[in-house]
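Trainee: Please take me through the words used to describe a model like this one, and show me what stands behind each of them.

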Amino acid sequence: MEKSANTIIIVISILTLVAAFVIAYIVYFIKRKSTLIEEKNALKEEFKQQLRQSQVEVQEHTFQQIGKELHDNVGQLLITSKMLLGLTERSLGNPPDMLITANATLGQAINELRSLSKMLDREWLEQFNFNNNLKTEIDRINTGNAVQAEFNYSGNMPLKAEAQIILFRIVQEAIQNAIKHGRADKIIITAAEQNDEIHISVADNGRGFSSAEKTGMGLSNMRHRANLLGGTIAWDSIPENGTTVKITLPISKEA
Amino acid sequence: MAIADFFNLTVCAEIAALIAALLFITRQRHGYWRLFPLYLAVILLAEWIGFSLRMQRIRNHHLYNILWIFQSIFFSYLFYRFHQVKYIKYQVFFVLGIFLCFYLSEAFYRSFSDSFQFSRQFLSIIIIFFSCTFYFSLLKHDITSTPLRFPPFWIVTGLFFFYFGSAIMFTIPMEIKRTRVIGNMILYDLVMGTFSCILYGSWVTAFIWKNRQIQ
């Protein structure tokens, strides 16, 4: 009887060991699998980040090219035209008012074009910080008198120079959308730091848009850029009641 | 009959699990996790009644026969909740139906005061089978964390060890079960006590992880 009992204990011990081995193998296998999945996800994320980075770089390069073209070709043509108008004014002695107005308008166009090409030039952008660039952009918008824009932020933007350029492009796109698609006549840009994050909002009084219209309009581009900085972007919009673009970015400690 | 007799290895493990369930699970919102304290309280009560009947030399098989029905329904419900795949969820209740038919046919051929050994063995097979399908689904799905932090994993692991290891105890004759082995303990009590410790130890771990998840 005792012998049988001992045999049973041995059999049960073996069964327990088998069960333990099965469980240990399952745990080991799942752990290995989850490590591989994590590595795969990290690689995917890195690839996405690189892709976004290169997209932004290509876009910046395109902007730079357009800026140069505007400055060197269109700008030169306008300057030549203004010079010719000036010469005509002088040769006439008593030039008509329309000619003087045309000359002044052309001068204004040349100034507009210069500031626009500067805005597209990355090298120029790198010399200034976000606040200065945005203020210049706002001044440019306000000179047109059709749209009234303001920027409320007194602090120093706590982001690296490269991140500031990307953020500037997002805000620029939001302003363009407000003017072009929203037909807004008032735009208010605010920024505030809170809990290691910077919150930027671009609010307008335009016609807004419904969630069905949320595609296109460079929105995905803006989202890409915000993601590139490790942040988020959200649109708060009700048709006929304006739009608020809310950008939240983490504050980089090395900034 | 001393009070200490009521606190054997199995009962101590059950008390520990009940205390852990009351401490860690009562704040749980999900319905099925809240059932654990109730289940453990019923098991503990049945264990004490069964033990006191055994001490008075009264057969207690009818008590355990009823308890197995309660256990089979509770475990089926657990596997139903733990499994993510829909067709396996339905299979759980289908197999529970088969078990109940098996149980009723055994009840028809045997006296209710006898132990329903075949039903108990069948229940062990069912639990081992659904534990294996649970592990298989864990292997199949892309989970990004260790299963050791996953409370259902510990619940199922406890059940798997208990029923895989103790199944043999229900196939051997009563005389061998009553043999005294290490430390003058009865073989049946030693084996069931050891596996109860593994089962309820795993459940306590599950309750702790569940509590951490809530926090």
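**Strands, burial, cores and pockets**

Mentor: Let's start with one pair: A:Ile233 stands opposite A:Ile247 in S5(A). The model is a predicted one, in which local features need pLDDT of at least 70, side-chain atom pairs count only at pLDDT 80 or more, and totals for chains, interfaces and linings use all residues. Residues are numbered from 1 along each chain as its sequence is written, chains are lettered from A and ligands numbered from 1 in the order in which they are written, and side-chain values use heavy atoms, without hydrogens and water.

Trainee: What makes S4(A) and S5(A) a pair?

Mentor: Pairing requires that DSSP finds at least two bridges between two strands. S4 (residues 232-237) and S5 (residues 243-250) of chain A have six, in the antiparallel sense, so they qualify. Their hairpin has five residues between the strands, and A:Glu240 there takes a positive phi near 70°.

Trainee: Which residues form the covered face of S4(A), and which the uncovered one?

Mentor: A:Ile233, A:Trp235 and A:Ser237 are on the covered face, while A:Thr232, A:Ala234 and A:Asp236 are on the uncovered one. In a regular strand, side chains alternate between the two faces of the sheet.

Trainee: How many helices and strands does chain B have?

Mentor: Chain B has eight helices and zero strands.

Trainee: Why is B:Ser202 called buried?

Mentor: Buried means under 20% relative accessible area, exposed over 50%, and partly exposed in between (1.4 Å probe, protein chains only). B:Ser202 has 7%, so it counts as buried. This serine sits in helix H8 of chain B and, not counting residues up to four places away in sequence, touches B:Trp154 and B:Gly158. Contact here means heavy atoms within 4.5 Å. Over chain B, 48% of the 215 residues are buried.

Trainee: Which residues have the most contacts inside the largest nonpolar core?

Mentor: They are B:Ile155, B:Leu187, B:Trp203 and B:Phe207, in a core of 69 residues. H8(B) gives the largest share of this core, ten residues. A nonpolar core is a set of buried Ala, Val, Leu, Ile, Met, Phe, Trp, Tyr and Cys residues joined through side-chain atoms within 4.5 Å. Leaving aside neighbours within four places in sequence, B:Trp203 is in contact with residues including B:Phe36, B:Phe74 and B:Ile155. Apart from that core lies another, of 39 residues, among them A:Trp235.

Trainee: What makes something a pocket and not a cavity?

Mentor: On a 1 Å grid over the protein atoms alone, a cavity is a set of points where a 1.4 Å probe fits but cannot get out, whereas a pocket is an open set with protein on both sides within 12 Å along at least five of seven lines. Lining residues have an atom within 4 Å of a point. The largest pocket is lined by 41 residues, with B:Glu47, B:Arg54, B:Tyr64, B:Tyr188 and B:Asp189 nearest its centre. H2(B) gives the most to that lining, seven residues.

Trainee: What volume does the largest pocket have?

Mentor: About 1200 Å³, while the second largest pocket has about 360 Å³. Grid points are joined across faces, edges and corners, and a volume is the space filled by probe spheres set on the points.

Methods: Helices (H or I, at least four residues) and strands (E, at least two) are DSSP runs, numbered from the N terminus.
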